[in-house]
Amino acid sequence: MANLNLELLPWQQEVFKSDARFKVVVAGRRCGKSRLSAVSLLIEGLKCPKGSAVMYIAPTQGMARMIIWDLLMDLGREVIQSAHINNLDITLCNGAKIYVRGSDRPDTLRGVSLTYAVLDEVADIKPETWEQVLRAALSDKKGRALFISTPKGRNWLYDIYQLGLEETDPDWKSWHFTTKDNPLIDPKEVEAARITLSTFAFKAEYEASFD
């Protein structure tokens with residue numbers, strides 16, 4: 001792991017270091033959601049015993065491949081033993097697996113025991129994917145999960161985000177970040193978007209607003 005380039009932005013470090021079992025991150029576009037997801041998957045995978053697995057889930061198989069596959073291959077090249085792009089499966093040097101999947105193919109999510117899961121773009125994933133498939137997959141190993149998304153109105157993402165804010169359940173914790181929380185994004189670019197986009201679009205995409 002010493003050779004891995006797993007540097008994180010300040011907001012990413014805050015989320016990563018949290019001991020919460022279920023983390024909900026609502027963030028603006030280009031905030032750095034994908035990198036946090038990839039780093040978390042690699043580190044959690046390397047901590048797994050041989051034969052264990054972690055999983056990345058996006059709304060569709062195509063999105064999953066486009067968003068995370070190349071990033072995982074790049075960041076994890078020093079610790080990846082093998083990778084099969086057709087199946088979107090990665091085997092790490094310790095024997096643990098990283099599965100990259102789309103929630104549009106629910107049959108590929110069943111029958112596996114997970115120690116960690118990342119649900120990306122949660123606002124576009126049906127809640128049944130979590131409730132009927134993934135929650136049970138985490139149960140026998142008491143696995144953990146990261147929910148990360150830009151909001152699209154007040155759907156089930158809003159519900160679990162509120163759960164993490166209320167802090168009535170110690171397993172859940174939530175965070176909110178905007179595109180400006182990524183110091184690599186030029187503030188002038190954000191301002192240009194604010195001027196040209198509708199108020200609704202800017203608040204949703206850049207400020208991660210549920211309204």
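At 1% relative accessibility, A208 counts as buried, where buried means under 20% relative accessible area, exposed over 50% and partly exposed in between, with a 1.4 Å probe and protein chains only. A208 lies in the segment after α7 (199–205); helices (H or I, at least four residues) and strands (E, at least two) are DSSP runs numbered from the N terminus. Phi of A208 is near 55 degrees, a positive value in a residue other than glycine. Most residues other than glycine have a negative phi.

The model is predicted, so local features need pLDDT of at least 70 and side-chain atom pairs count only at pLDDT 80 or more, while totals for chains, interfaces and linings use all residues. Residues are numbered from 1 along each chain as its sequence is written, and side-chain values use heavy atoms, with hydrogens and water left out.

## The chain as a whole

The chain contains 7 helices and 8 strands. Its radius of gyration is 17 Å, close to the 17 Å that the globule rule gives for 211 residues, so the chain is as compact as a globular protein of that length. That radius is taken over C-alpha atoms, and the globule rule is 2.2 Å times the number of residues to the power 0.38. Along the principal axes, the C-alpha atoms fill a box of roughly 50 × 35 × 30 Å.

Of the 211 residues, 52% count as buried. Among contacts (heavy atoms within 4.5 Å) between residues at least 6 apart in sequence, 72% join residues at least 24 apart.

## Helices α1 and α2

Two packed helices are described by the angle between their axes and the distance between the axes. The axes of helix α1 (residues 10–17) and helix α2 (residues 33–47) come within 10 Å and cross at roughly 40 degrees. Here axes are lines fitted to C-alpha atoms, for helices over the stretch in contact, and angles run from 0 to 180 degrees between N-to-C directions. The contact is made by W11, Q12, V15 and F16 of α1 together with K33, R35, L36, S40 and I43 of α2. By class, this contact has 5 nonpolar, 2 polar and 2 charged residues; Ala, Val, Leu, Ile, Met, Phe, Trp, Tyr, Cys and Pro count as nonpolar, Asp, Glu, Lys and Arg as charged, and the others, Gly among them, as polar.

S40 belongs to helix α2 and counts as buried because its relative accessibility is 3%. Not counting residues up to four places away in sequence, S40 touches F16, Y116 and L146.

## Helix α5 and what follows

The buried residues of helix α5 (residues 156–166) are W156, L157, Y158, I160, Y161 and G164. Their cover includes β1 (22–27), β6 (116–120), α4 (127–137), β7 (144–149) and β8 (172–177). At the start of α5, a side-chain oxygen of N155 reaches to within 3.1 Å of the backbone nitrogen of L157.

After α5 comes E167, whose phi is positive, near 60 degrees. T168 is placed in the loop between α5 and β8 and is exposed, with a relative accessible area of 62%. The C-alpha atoms of T168 and D74 are separated by 39 Å, and these residues are 94 apart along the chain.

## A buried loop residue

L88 is found in the loop between β3 (80–84) and β4 (89–92). L88 is buried, with a relative accessible area of 3%. Although L88 is not a glycine, its phi is positive, at about 60 degrees.

Notes
A polar contact is a pair of N or O atoms within 3.5 Å; within protein, one must be able to donate a hydrogen and the other to accept it, and residues adjacent in sequence count only if both atoms are side-chain atoms.
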